[in-house]
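Subject: Structure handover

Hello,

Here is the structure I said I would pass on. My notes on it follow below.

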Amino acid sequence: MIKDYVDAAICRKQCDLVLKNANYVDVFCGEIKRGDIGVVGGLVVGVGNYGGKVEVDCSSSIVCPAFTDGHVHIESSQLSPEEYAGLVVPRGTTCVVADPHEITNVCGISGAEYIMNASARVPLDVKLMLPSCVPATPFETSGAALCGGDIEREIKKEGFFGLGEFMNFPAVTGGDDEAMKKLEAAKAQFKICDGHAPSLSGNALNAYICGGISTDHECESEQEALEKVSKGMYVHLRYGSSARNLLSVIKGVTPRNMRRFLLCTDDCHAEQLKTRGHIDEALRAAVKAGADPIAAVTMATLNAAECYGLKFRGGIAPFWLADLVAVDDLVNFNARLVFKGGKLVAKDGKPLFDTSKRYLPDSVLNTVHLKRDLVPDDFILTLKGKRAKVMTILPGGVVTGCEVEEVPSSNGDVCIKGTDILKLAVVERHKLTGNIGKGLFKGYGFKG
C-alpha cells in the first residue's frame with residue numbers, strides 16, 4: 001500500500017480521487033492555497049497537478065480538513081448514533097470525541113457499549129471516552145455507578161479512547177481516594193483525561209491539572225481561559241444548544257495562543273443540528289465574533305487532532321487522512337461535499353449513507369421506573385412564607401446562582417404566571433423511591 005501512495009504522489013500512477021483546482025486551507029502555514037488534491041486509498045498523497053480515476057471540480061469551493069467536535073454527548077441530541085451522524089456528517093464533521101456520560105448514568109457500561117457499537121456502523125469516527133463520574137456527584141440518584149475498580153477494568157478496553165470529563169473537580173483537588181484511583185487508571189494506560197472545572201484557578205487549578213487532566217470546556221471568561229491555557233491545558237470553545245461560552249472567550253484567542261483552543265458543542269439538540277448546524281455553526285459564530293477564519297478552521301481541525309493525539313488528521317498534506325469538506329466560503333461554511341477516507345459521504349447537506357437505527361439492544365430500552373403514575377398535584381410547591389430561594393442562570397452558560405425573591409402563592413401553590421420564574425421538578429426515575437425534587441428557576445427565558 002505504501003508503494004501505491006508513493007507512485008501516485010510522484011505521478012507514476014493515477015490517484016483514486018482528485019479534487020481539481022481546489023482552493024484549500026493550509027492549517028500548517030495559515031494560508032489559502034490552490035492545487036489539485038490527490039487521494040489514494042483514503043489518504044491524501046499530495047497537492048499539486050494530479051489526475052485521477054474520479055475527478056471533482058472544486059474551483060468554486062474552499063476545501064478544509066473535515067471538522068472534529070472536541071467534546072460531545074451524542075445522546076444529548078436525543079438521536080441514535082446513526083441518526084446523529086446523518087445530521088453532523090453532512091455539515092462537515094467526520095470525527096467527534098464523545099463522552100457517553102448521560103446514557104451511562106442511566107444504563108451503566110452497557111449504555112456506553114451501545115454508543116460504541118452503533119457508531120461503528122456510520123462514516124463518523126467516534127472517539128469514545130469512558131465516563132469518569134457516574135454519578136456526577138455523591139448527591140445524585142443515578143441508575144448506575146462506576147467506582148474506581150470499574151474504571152480500572154474498563155479503561156483497558158480498546159474501545160475507550162480516554163477518560164471522560166472529570167466533573168467532580170472537588171474530589172480531585174481534595175485528593176479523594178476514588179478519584180485518585182480513576183485518574184491513576186487512565187495514566188497507567190497512557191490515555192487522555194478530559195476536564196470540567198468551572199471557575200477553578202490558582203493552586204486549586206494546579207492540583208486539578210496534576211490529576212493528569214488536559215482539557216476544559218467550562219471557561220466562562222477570557223481571563224479564566226487564558227489562565228488554563230497558560231498552565232498547559234487545551235480549552236474548548238463551546239457552542240451548543242444551551243451553553244455558548246465561545247462568545248465570552250473568543251476575544252482571548254490570539255495568533256500566539258490560538259493553537260491551544262478547540263471547538264466543541266458539548267450538548268447539541270436535534271433541532272439545532274437540523275436547522276442551524278454543528279461545528280459549522282460554531283465556525284460561523286466564531287468568525288462573526290471576530291475570529292480569523294483560517295484560525296477558526298485550525299481550531300476545528302488540526303488543534304483538535306493534536307490535543308487528542310490523532311496523528312495524520314486535521315490537515316491537508318501527503319499521508320494525511322482524506323477527511324475533507326468543500327465549503328462555499330469561510331464565512332457561511334455551508335458544506336457542499338464531504339469526504340470520509342476519500343469517499344463521498346454527503347452532498348449538499350444530505351447524507352449518502354444509511355442513517356436508520358439498525359442496532360438497539362434491550363439493555364438501553366425501558367429505563368424509566370416510577371413508583372406510581374404522576375398527577376398534577378405532585379408538582380404543587382408550597383412555601384412556608386412569601387419569600388423563596390430562586391435558582392438563576394446566566395444566558396449562554398450553565399453556571400447557576402441563587403436569589404431570594406417575593407413569590408406569591410394561591411391555594412397552597414406558587415403563582416408564577418406573568419413572571420420570569422419557572423417551576424422546576426426532578427422526578428426520581430431509577431429506584432422507585434417516589435421522590436420529586438421541586439424548586440424555582442429564573443432566567444431561562446421560557447414562557448407559558
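In which loop is leucine 124 found? Leucine 124 sits in the loop between α4 and β8. Please keep in mind that this is a predicted model.

Leucine 124 has a relative accessibility of 4% and therefore counts as buried, the cut-off being under 20%. Setting aside neighbours within four places in sequence, leucine 124 is in contact with Tyr84, Ala85, Val88, Val89, Thr93, Thr94, Cys95, Val96 and Ser119. Valine 89 is 35 residues away from leucine 124 along the chain, yet their C-alpha atoms are separated by 6.9 Å.

Next, a lysine. Lysine 182 lies in helix α7, residues 177–188. Lysine 182 is buried but has no salt bridge. Its nearest side chain of opposite charge belongs to glutamate 178, 5.4 Å away; a salt bridge needs a side-chain nitrogen of Lys or Arg within 4 Å of a carboxyl oxygen of Asp or Glu. Apart from neighbours within four places in sequence, lysine 182 is in contact with Ser132, Cys133, Leu146, Cys147, Gly148, Ile151, Leu163 and Phe166.

Glutamate 178 is also part of a negative surface patch, together with Glu152, Asp176 and Asp177. Of these, glutamate 152 is found in helix α5, residues 148–154. Glutamate 152 has a relative accessible area of 32%, so it is partly exposed.

Some backbone details remain. Valine 134 and proline 135 are joined by a cis peptide bond, with omega at about 0°. Proline 135 is in the loop between β8 and α5.

Two residues other than glycine have a positive phi:

- Aspartate 266 has phi near 65°. It lies in the loop between β13 (261–264) and α11 (270–275), and it counts as buried because its relative accessibility is 5%.
- Phenylalanine 319 has phi near 75°. It is placed in the loop between α14 (302–307) and β14 (324–327), and it is partly exposed, with a relative accessible area of 36%.

Regards

How values were computed
Residues numbered from 1 in each chain as written. Predicted model: local features only at pLDDT ≥ 70, side-chain atom pairs only at ≥ 80, totals over all residues. Heavy atoms only, no water. Patch = residues over 30% accessible without salt bridge, like charges linked within 9 Å, V, L, I, M, F, W, Y side chains within 5 Å. Areas by Shrake-Rupley, 256 points an atom, 1.4 Å probe, with all protein chains shown as cover. Lys, Arg positive; Asp, Glu negative; His and termini not counted. Charge placed at Lys NZ, Arg CZ, Asp CG, Glu CD. Helix = DSSP H or I, 4+ residues; strand = E, 2+ residues; numbered from the N terminus. Buried < 20%, exposed > 50% of the residue type's maximum accessible area, 1.4 Å probe, protein only. Contact = heavy atoms within 4.5 Å.
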